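Have the 3D view open as you read.

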Amino acid sequence: MRVLIVTAVEAEKEAVLRGLGQRGGGRFDVAVSGVGPAAAAAETALALAAVAQSDAPYALAVSAGIGGGFAGRADVGDLVVATAMIAADLGAETPEGFRGVDELGFGPVRIPADELWSDRIAEALRAAGLPVRRGSVLTVSTATGTTETAERLAARHPDAAAEGMEGFGVAAAARRLGVLAVEIRAVSNRVGPRDRSAWRIEEALDRLAAACAVLASLTETD
C-alpha cells in the first residue's frame, strides 16, 4: 500500500523519515504542509489528487507531528492515536457561548479516523512498548495558551486527548478524495499556559520517529 504522511514543519518530517528508515521503501511519501488546517488541507489535496488516477494511488493519509496533551488524558511523551479529528474553533461566538459550525447547520466539525487503521496502529505501538493514548485530537488555528481556554476545550470535548493544528485539514482533504485518514501526535507539552521551558520537543520528535518505525513495519505486508 502507498501512504502519504503530512507534517506541519521540516523538523517533524525529519523525525518521520528517521523513523521510516530503510523499511519505508517506496510505500511512504512525506510532505510538509506548513502550519494550520488550511495549509494542511491544500497540501494534502494536491498530493492525493496528483496520483488519484495512477496505478499507485494513496490508500492512507496520516497527519503526524507533535502537539499538546490535555491534563489527565495524555502526558508528555505519550503518543496519541486519534479516534477523530475535530475542528475545535470553527464556529461562532454567541451570547450563550461558542457554537461549532455543526450546531449552526453549516457542516461537520468532526471527522472520524479510520477505525481499522487507528486500532491497528495503536495496538502495534503498544506491542512495541510505546505509551499510547486514544481520543480525539482537536485541530485549532490558534494554539491554546491559557488555563481557561484549555479547560473550556476539555469540557466541550470530553473525549479529546490532544491538540494540534493540522489534523482536520488533512482528514477533510482525504475524505473529499476518498482516502482513509488517521492522526498521530507525540505529546511535547501540556495544553494550557505557554511555558516553553516545560516543552519537551526533542523527546517528542524522538517518540514520533519511534511511532513511524512501527508504522513502517505494520505496512510491510499490506
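Which element gives the largest share of the lining of the largest pocket? That share, 4 residues, comes from β10. This is a predicted model, in which local features need pLDDT of at least 70 and side-chain atom pairs count only at pLDDT 80 or more, while totals for chains, interfaces and linings use all residues. Residues are numbered from 1 along each chain as its sequence is written, and side-chain values use heavy atoms, with hydrogens and water left out.

**The pockets**

A pocket here is an open set of points on a 1 Å grid over the protein atoms alone where a 1.4 Å probe fits, with protein on both sides within 12 Å along at least five of seven lines; lining residues have an atom within 4 Å of a point. Volumes are the space filled by probe spheres set on the points, which are joined across faces, edges and corners.

The largest pocket holds about 510 Å³ of space. It is lined by 25 residues, and the closest to its centre are Ile66, Gly67, Ala143, Met165 and Asn189. At least two lining residues each come from β3 (60-69), β9 (160-164) and β10 (180-190).

For the second largest pocket the volume is about 230 Å³. Among its 15 lining residues, Asp89, Thr149, Arg152, Leu153 and Arg156 are the closest to the centre. Here β5 (91-94) and α4 (147-156) each supply at least two residues, and α4 gives the most, with 4 residues.

**A helix pair**

The chain has 6 helices and 10 strands, taken as DSSP runs numbered from the N terminus (helices H or I, at least four residues; strands E, at least two). The axes of α2 (residues 37-51) and α5 (residues 167-176) come within 7 Å and cross at roughly 35°; axes are lines fitted to C-alpha atoms over the stretch in contact, with angles from 0 to 180 degrees between N-to-C directions. In the contact (heavy atoms within 4.5 Å), α2 places Pro37, Ala40, Ala41, Thr44, Ala45 and Leu48 against Gly169, Val170, Ala173 and Ala174 of α5. By class, this contact has 8 nonpolar, 2 polar and no charged residues.

Definitions and conventions:
Ala, Val, Leu, Ile, Met, Phe, Trp, Tyr, Cys and Pro count as nonpolar, Asp, Glu, Lys and Arg as charged, and the others, Gly among them, as polar.
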